[in-house]
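Let's take a walk through a protein model together. Have the sequence and the 3D view open, and look for the places where one part touches another.

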Protein chains: 2
Amino acid sequence: MKGFFIYELKLLHLQIETYFMYEDLKYWYLRDHKLFRILSYSQIKQLCIITGFKKASKGEIIYFSSSDVPRIFLLKKGNIKIVAVDDDGNETIKDIIQKGDLFGELTLETDNKVEEYAKVLSDDVSICSFLMSDFEDLLLRNPTLALSYTKFVGLKMKRIKNNYANLVSKDAKTRLYQFLKDWAEQEGVKNGNTVIIENYLTQNDIAQIICTSRQTATQLLNEMETNQLLDYNRKQIIIPDITKL
Amino acid sequence: MKGFFIYELKLLHLQIETYFMYEDLKYWYLRDHKLFRILSYSQIKQLCIITGFKKASKGEIIYFSSSDVPRIFLLKKGNIKIVAVDDDGNETIKDIIQKGDLFGELTLETDNKVEEYAKVLSDDVSICSFLMSDFEDLLLRNPTLALSYTKFVGLKMKRIKNNYANLVSKDAKTRLYQFLKDWAEQEGVKNGNTVIIENYLTQNDIAQIICTSRQTATQLLNEMETNQLLDYNRKQIIIPDITKL
DNA sequence: GGCTAAGTGTAAATTAGCTGACATTTTGCT
DNA sequence: AGCAAAATGTCAGCTAATTTACACTTAGCC
C-alpha cells in the first residue's frame, strides 16, 4: 500500500515536470550527467539535442533498431539490459545500463548488422535520447567535450577489456565474486563492511553476465549463502562483509 | 645472402632518411596514418608532437611503463604483441599490433596499475611516439581529428567486444577458424581463393590469442593440415581455399 | 659443427562446467 | 483465491579442453 502511494506521488511529480518545466527538464536531464557539465544552459538548449523522451516499465522491450535514425540514449532512471541475438538465436547480455549511463552507438558509427534490444529490469525507467548527428555537431563545436567523450568511451573500453581478461583467466566462482564486488561498489549501499544491493537481476541474468550457465550460478550463489558470505533474495542482496569476498 | 643485401640497403636508406630528412620523416610517418591525413604539414610540425623514434629487433622487449611520461605509440613497421602480466604471474596477450596501428594509452587516461610490455615479433620494427599531453592539445585544437579519434577508439572497442562474444559462445575450433580468417583478411596476400600469411606468431601465441592451451591449438592446426585446409610452418601459413574455413 | 633453448607433436588423466531433466517456490494476474 | 508462468534448487551424465608429461624437431649461437 505504501508502495502504491509513492508511485502515485512520483506520477504527480512527473506530470508537474512534464507540463510546467519540460524545457528545463530536458536541460537538467543532460546537465546533471558529468559529461555535459561543462556546457552552458544555452549551449544545450540552443543545440536542441534532446529529441526524445520515453518512459517504460518492467519487462518492456525497447528496440532501438537501425531502421530509425541513429541515436544516443541516456538512461535517467532505472536499469535496463542490452541483449544481442546472434545468428544461432542465442541471447547474450551485452551490457547492463544503470542510471546515468549513456548507451547506443557510442562509437558514433552506425552499424546495422547487430540485432540488439533493451529490456527494462527495474520497475520503471526514463530514457532520453538525441540524434547522433546532433551530438557529432556538438562535439565538433566543443573540443573539450569531445576530449571528455573520448576518455569516456575509452573508460568503457577499459572495463570491457577487464571483463575479457577475467573471463579468460578466472573460473566461474572468481568471476561471480568479482561481479558482486563490482556491483556492490557501483550501486551498493554501504554500512561499515555490510553492503546491501538492490537486486533487479535474476540468477539467469547474473549467469549470463559472468558467462556461465544458470545452474552453475545458482549453485555458486547457494554455496555462498551457506558460507554466510551472502544473503540472496529477489529484492535485494545483502553482503555481510564485503571484504570477505 | 639476398636477404642480407636488402638489409644493408635498408640500413643505408634509413641513414639517408635519418640524416637528411629527419624532420620530414617525422611528418610523413604520422601523415600517412589515416587519422592524421586531415592535418596540414604545419599543424603536425608546429605541434611538434613526435618526440620519440625507436627501432628494435626480434625478441626484444619494450617497456612503456607508467614511470615514464605517458605516451601514445605508432607502429610504423613490423609486428609486436602486447603482453600483460597479472597478479598470479600469468602472461596474457592483450593485443597484436600491426604496421600502422596506434597503441599505448589510447583512452588518454593514465593508469599505472597494469604491468604491460611489448615484445617484438617480426625481424625488426620501428616505432614512433608522442606525448599524450601533446596529443590532447592537438585534439582540442582540431575537433574533426578529435571526432575521428573517438570513432577510431570506438572501432577498437567494437573489435574487442566482438572477440568477447566469440570467446563466450564459440568453441576453440571455431575461434581458431575465425582468427585465421581475420588474420588472412588483414594481412594475407590473396591469389584467387588462396591466401598466404606471413607467420610471425608461434603456435603458443596463436593459442593465447584464441584463449586456449598450446596443445589444443597444435592439435587443431594439425587437424586442419590433415584436412588440407592449411599448410602451416614457422615462416608462413598457406590457406589453399579461404572460403573453406 | 654441435649445443642449447625454443617450438612443435602426441597422448592419457582429470576436471570444470554444460546439458537436460526434473521438483519446488515465488510472482503476477484475473 | 487460484492459476500459469517465471524463477530457483538439485542432480546425474557428458564433453570439451586443460593439465601433466614426455619425445621430437627446428632455430640460433658460440
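This is a predicted model: local features need pLDDT of at least 70, side-chain atom pairs count only at pLDDT 80 or more; totals for chains, interfaces and linings use all residues.

Start with chain A on its own. Its domain assignment gives two pieces: domain 1 covers residues 2-167, and domain 2 covers residues 170-244. Where these two domains of chain A meet, ten residues of domain 1 are in contact with 13 residues of domain 2. About 1100 Å² is buried between domain 1 and domain 2 of chain A, and carbon and sulfur atoms give 50% of that area.

What holds charges face to face here? Between domain 1 and domain 2 of chain A, the count is one salt bridge. You can find the salt bridge between A:Asp205 and A:Lys81, whose closest N and O atoms are 2.6 Å apart.

Sorted by class, the domain 1 side that touches domain 2 of chain A has four nonpolar, four polar and two charged residues.

Next, turn the view to see where the two chains come together. Here 31 residues of chain B are in contact with 31 residues of chain A. Chain B and chain A bury about 3200 Å² between them, with 71% of it on carbon and sulfur atoms. On the chain B side, B:Lys151, B:Met157 and B:Tyr164 lose the most area to chain A, together 19% of what that side buries.

How many salt bridges link chain B and chain A? The count is four. One salt bridge to look for joins B:Lys158 to A:Glu105, where the closest N and O atoms are 3.5 Å apart. Four residue pairs are in polar contact across the interface of chain B and chain A.

Which elements of chain B give two or more residues to the side that touches chain A? They are helix H4 (132-141) and helix H5 (143-169) of chain B. H5(B) gives the largest share of that side, 19 residues. By class, the side of chain B that touches chain A has 15 nonpolar, six polar and ten charged residues.

Methods
Residues are numbered from 1 along each chain as its sequence is written. Chains are lettered from A and ligands numbered from 1 in the order in which they are written. Side-chain values use heavy atoms; hydrogens and water are left out. Domain bounds come from an automatic or database domain assignment. Contact means heavy atoms within 4.5 Å. Buried area is the accessible area (1.4 Å probe) that two parts lose on being put together, summed over both. A salt bridge is a side-chain nitrogen of Lys or Arg within 4 Å of a carboxyl oxygen of Asp or Glu. Ala, Val, Leu, Ile, Met, Phe, Trp, Tyr, Cys and Pro count as nonpolar, Asp, Glu, Lys and Arg as charged, and the others, Gly among them, as polar. A polar contact is a pair of N or O atoms within 3.5 Å; within protein, one must be able to donate a hydrogen and the other to accept it, and residues adjacent in sequence count only if both atoms are side-chain atoms. Helices (H or I, at least four residues) and strands (E, at least two) are DSSP runs, numbered from the N terminus.
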